[in-house]
Amino acid sequence: MIRNVSIVAAAVAASLASSALAQHADDIGLVVEAGRIHSVVVTEDGCVPPKRAFEGEFGADGVPWFAGDPGYDAEPGTFPAGSRVGVRFAAPLMVWDGTAFVPTSPAGPMSGERLRLSYLSLAATSGAGPAPGVDLSVQADGGWHIHPSMELLAAPGAVEPDVGVYLVQLEVYSTDASSAASEPLWLVMNAGASEAEHEAAYEFARDAVDPEDCAADLNGDLAVDGNDLGLLLAGWGNPGATDLIADGVTDGNDLGLLLAAW
């Protein structure tokens, strides 16, 4: 089934089972479709389904409160040569409280832990809202592959950050006017909490931005079949639930996506 998230990205991602992306399994893959950057998951076999929720671990490389993964990987030809691509903060740093992500301090995000994002001499720090990030030139072939450093900073006056599971919300953007910034990516980063807590927080994030529902299952019976085809044909030419790609009209493009999910 096709997930009801970035369904246009799902269509393009299905065709990108490439060896180039497979070289960097577990990175955040980047594609451009319909004038917008989309994120996909990179796997060992090159499969790249659309995805916005990712996870990582501070201290995995032996350096406390530091992480270099996940990285970002775009195939050659993804971005125009001479342009720049970067990641910036879409929201304040948040922390898991057992049921949801909340500001890192009751007094507000700027009174608690923050995240420092850096690459070579470039650096940026999260704030009380959206904040600038770092950007770099794309490769000569139009590809882009970096692993920016992420450092969890202690709250003012504290010796070190609190143990917990933190949510970093980032946008990937391009200086190329034809490529709009991505929807916020949710990086669920474990900072010394239990695996059970990390998994619970990640499942919450995944349900929020990568729901498992299938847009093509129009009647909600957990199957895409002739019943759904009948509903789509009944909505032909109109907007609404049968407009699977949300372009304002139900037409052959939506039919193609439904048949792909059959």
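This is a predicted model: local features need pLDDT of at least 70, side-chain atom pairs count only at pLDDT 80 or more; totals for chains, interfaces and linings use all residues.

I looked up the largest pocket and found a volume of about 280 Å³. I then listed its lining, which has 20 residues, and noted Asp26, Glu55, Gly56, Asp69 and Pro70 as the closest to the pocket centre. Strand E3 (53–57) and strand E4 (66–67) are the elements that give two or more residues to this lining, and E3 supplies the largest share, with 4 residues. Sorting the lining by residue class, I recorded 9 nonpolar, 4 polar and 7 charged residues.

I counted 3 salt bridges. In one of them Glu183 pairs with Arg52, with the closest N and O atoms 3.5 Å apart. Glu183 sits in the loop between strand E14 (164–174) and strand E15 (185–191), and Arg52 in the loop between strand E2 (36–41) and E3, so this pair ties together parts that are 131 residues apart in sequence. I also checked accessibility here: Glu183 is partly exposed at 28%, whereas Arg52 is buried at 14%, the cut-off for buried being under 20%.

Asp135 forms a salt bridge with Arg84, the closest N and O atoms being 2.5 Å apart. Because Asp135 lies in strand E11 and Arg84 in strand E6, the pair ties together parts 51 residues apart in sequence. I noted Arg84 as partly exposed, at 31%. Glu171 forms a salt bridge with Arg88, at 3.0 Å between the closest N and O atoms; Glu171 lies in strand E14 and Arg88 in strand E6, so parts that are 83 residues apart in sequence are tied together.

Note on methods:
Residues are numbered from 1 along each chain as its sequence is written. Side-chain values use heavy atoms; hydrogens and water are left out. On a 1 Å grid over the protein atoms alone, a cavity is a set of points where a 1.4 Å probe fits but cannot get out, and a pocket is an open set with protein on both sides within 12 Å along at least five of seven lines; lining residues have an atom within 4 Å of a point. Grid points are joined across faces, edges and corners, and a volume is the space filled by probe spheres set on the points. Ala, Val, Leu, Ile, Met, Phe, Trp, Tyr, Cys and Pro count as nonpolar, Asp, Glu, Lys and Arg as charged, and the others, Gly among them, as polar. A salt bridge is a side-chain nitrogen of Lys or Arg within 4 Å of a carboxyl oxygen of Asp or Glu. Buried means under 20% relative accessible area, exposed over 50%, partly exposed in between (1.4 Å probe, protein chains only).
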